[in-house]
Amino acid sequence: MDNSIRRLIVLASLVIAISFIILDNHFIYEAMIKSNNYFLLREKIRSFKSQFGLKYQTENNSQDNFNDDVEEALFLRIKKMSANGYLDESTIVSLNGSNRLKHMRNFIEIYRNSSKPSNAIILGDLIHEFLEFQIDTLFVPFTTEESCYDLAQTLWCQISSLSWFIYPIIVKRFDDYPYQLSESQYKSIKHNLVTVEGSDSTMINIPLVNSDGQNQNYYLFSYKKEIFVYPLRDVLNG
Amino acid sequence: MYQWAFLIFLYLLGSLFINVLFSDLSNRDCQLLSPFFGIGFSGLAVGLLLIVRIPLSLPVFFLCLSIILYTAKMLMNKPSLYTFSWSQLFSGVLSNVLSISFVLYIAVSCFFVLMASAYASPDSTQYEGAGRYLEQGGLVHFNTPRMVFMLNGRLLIVGAMHAINRLFHGYSLYALNPTMCVWLIIFLAHTIFMLYRTKDKVTQIFLALIFSVTLGFYKHFFVIMFHIHSNSLAMIFFTLSIVSLYLYSISGEKNWVYIGSFEIGFACLTRVDMLLCSLIFFFLLNLIRTIDYKMIKYAWYIFIVSLFPWRIFALYYTPWDTWYVNSAQLSLLIGTNIILCLLSILLHKYNRMSFTLFRRFPLILGPVIILFLIFFMPEKIKLSWDLFIKYILLGHSTWLLLIISLIISTISFYYIDYRDKNYYILFIPTMLYLFMLFLLVAFGGYENVDHSASRMVFHIVPLFIYSLFIGFSTVITNKPKPQRGIFAS
């Protein structure tokens, strides 16, 4: 074969190879997923793949952001991106200053609703910011061998991340205490708190305490979609 | 602002180290490599403190860096590789600071800090957690929850970066990955521009620009760039190590071999599975004809000194029966690297290196392994075929397009390889890496369970795209390279 023809073939193959990469472009993709035709095409390709055995089904072991309805998934994604959760801004500014508030808001916006373990680390972050030197041991009612626990109508996963976040505070798994609050208990402690909205619309409450207060043990409580970190004695006395 | 200060610190620190280690490297290369060295050496310092059981704090961290810097300077002076004074060192750093690159770096890092955009996954919470744990004085203890997982899965480099950012009063580290990914694009575009200086300026700029846009906006690259994870940094270090080898094969400047050695060491500190990539790096290094015994010895020294203390420390804490990486797997990875090290050093020492045989090694060994598995462990082959080939490579649209592109570009390989013998260095790692992932899934995968190999394919993306552009440039230049023949054929 003539060298120039060979060169042309090689050049053409490289141009095609590069074109595939250029077309797999983030912005083209973002523009495409907004159209219904994209979903129709995707479904056709998926059925084609299944027909020819090219689609191997795995168990979905990361259920985060998973939704069967593609249009609903897209809607949720956009909603999530624009959602601004509640943040007790005035209290945080008075305690830690506006600069810290800005950083904290940024952190929570990145992690809120990002995945199942996100509530655990938002809680850890709040404890570290406001109760760092007040807690000796934090008791949490997650004692079984499961990776996720249901509390306050949401999931709490990877509790080890909470331990890492609030080190050197010890996180102790212990459920022999009334961790689900009664209405009267809830009303008695629902004051003088910093409140932040975590994932799944969970309200996370941390008590405001004097920084020279005594170092003591705290417990995790829940009431409907709210959670509290509070000393056991104060809850029982309340 | 604190995070921005941290990112600038990484550049300055890297500049200091790179001037100590490679004083005769060109200013522009020093400037473009500085942030990557800053990350690597910061991670090393944190690792060293954890090994000697000193809780992390800013003064201790700076002290540890100073000791490493001083030791590096002494070691560099001793074998008479380079001789320079402290004043030369500071003038070198100053010239790196008073440069367009530094201004550009400040602008890029500032943009991503202000943009405050990041994508968090379940893994991100653990990287953030590992960073907080170290910053709050945590050390390696058996009684810390999931310490083994933290050691092998979340440390060293990424966890260390989160920790140091907190020491700098940063809150959450989100701008590091996008800044470094953009800086990688700038570095690679710069090398494309420099490699084809024989062409007219317009073609040079056009190629560099098209490459930057293609890689920068490539769907997976763009998304993972903002992902708080270890994938981006591992990909960056691995790409840099292989590109460094290619630059050595083109320029013959031995600094690039040592730079590559450092980069692959940092990659292995970032992710444990990068110990597979170090095999690819040293395999390719052995294929370069101009590499002598002394150079290969120093390359291995650098890799071993930067990596092994941490990995052996981690191995001590890793039990046999753990779900993430167990000590058998870790020992196997370290052991394979040691075997390759001994083999390559001895072959070079006694001049028994058969370049032709070494080059054909993957072509012989690959089918032998596959045949062995087909006959003796068919279930492993089936698992990897189903999980890696069908589900990951053909099932994910991005990887499917990448594989189609790879197959099409293979047509051009022999033509380009004839004109540029060094092209092998850039093109073959993609094949080798995918083959290694196939084996990894065969032995580490589980039926009907997703495998991290789906994310790991990403590590090879920039290198593959870079190889396509280098190949394209070679074809349009249409003349043999001046350095052809430096590579084994």
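Helices (H or I, at least four residues) and strands (E, at least two) are, throughout this report, DSSP runs that are numbered from the N terminus. The structure is a predicted model, in which local features need pLDDT of at least 70 and side-chain atom pairs count only at pLDDT 80 or more, while totals for chains, interfaces and linings use all residues. Residues are numbered from 1 along each chain as its sequence is written, and chains are lettered from A and ligands numbered from 1 in the order in which they are written.

## Confidence

The scores of the model are ipTM 0.83 and pTM 0.89. For single residues there is pLDDT, the predictor's confidence in each residue, from 0 to 100. Chain B has a mean pLDDT of 86, with 94% of its residues at 70 or more. Among the elements of chain B, α8(B) has the highest mean pLDDT (94), whereas helix α4 (residues 86-97) of chain B has the lowest (75). Over residues 482-489 of chain B, pLDDT stays under 50, and the model has 26 contacts beyond four places in sequence for these residues; two residues are in contact if their C-beta atoms, placed from the backbone, lie within 7 Å.

## Chain B as a whole

Chain B contains 22 helices and 0 strands. Its radius of gyration (taken over C-alpha atoms) is 22 Å, close to the 23 Å that the globule rule (2.2 Å times the number of residues to the power 0.38) gives for 489 residues, so chain B is as compact as a globular protein of that length. Taken along the principal axes, the C-alpha atoms of chain B fill a box of roughly 55 × 55 × 50 Å. A residue is called buried if 20 or more other C-beta atoms lie within 10 Å of its own, exposed if 12 or fewer, and partly exposed in between, with C-beta atoms placed from the backbone; by this count, 51% of the 489 residues of chain B are buried. Among contacts in chain B between residues at least 6 apart in sequence, 79% join residues at least 24 apart.

## The sheet of chain A

In chain A, 6 strands form an open sheet in the order β4-β1-β7-β8-β6-β5, with mixed pairing, where two strands pair if DSSP finds at least two bridges between them. The edges are taken by β4 and β5 of chain A, each with a single partner strand, so one side of each is left without a neighbour in the sheet. Neighbouring strands of this sheet are turned by 25 degrees against each other on average, direction ignored; the axes used here are lines fitted to C-alpha atoms, for helices over the stretch in contact, and angles run from 0 to 180 degrees between N-to-C directions. At one end of the order, β5(A) and β6(A) pair in the antiparallel sense over 5 bridges, and A:L193 stands opposite A:P207 in β6(A). Helix α7(A) packs on the sheet, where it touches β1 (135-140), β5, β6 and β8 (226-230) of chain A, and its direction makes about 20 degrees with that of β6(A).

Another antiparallel pair in chain A consists of strand β2 (residues 148-151) and strand β3 (residues 154-157), joined by 4 bridges. Here A:D150 stands opposite A:L155 in β3(A), and in the hairpin, which has 2 residues between the strands, A:A152 takes a positive phi near 55 degrees.

## Backbone details in loops

Two residues of chain A have a positive phi although neither is a glycine.

| Residue | Phi | Loop of chain A |
|---|---|---|
| A:N113 | about 60 degrees | between α6 (98-111) and α7 (118-130) |
| A:D200 | about 60 degrees | between β5 (193-197) and β6 (203-207) |

With 21 C-beta neighbours inside 10 Å, A:N113 counts as buried, whereas A:D200, with 15 such neighbours, counts as partly exposed.

A cis peptide bond, with omega about 10 degrees, joins A:Y167 and A:P168, and A:P168 lies in the loop between α8 (159-165) and β4 (170-173) of chain A. In chain B, a cis peptide bond joins B:L155 and B:L156 with omega about 20 degrees, and B:L156 is found in the loop between α7 (147-154) and α8 (157-167) of chain B.

## Where the chains meet

The contact between the chains takes 50 residues from chain B and 46 residues from chain A. On the side of chain B that touches chain A, the largest share, 9 residues, comes from α19(B).
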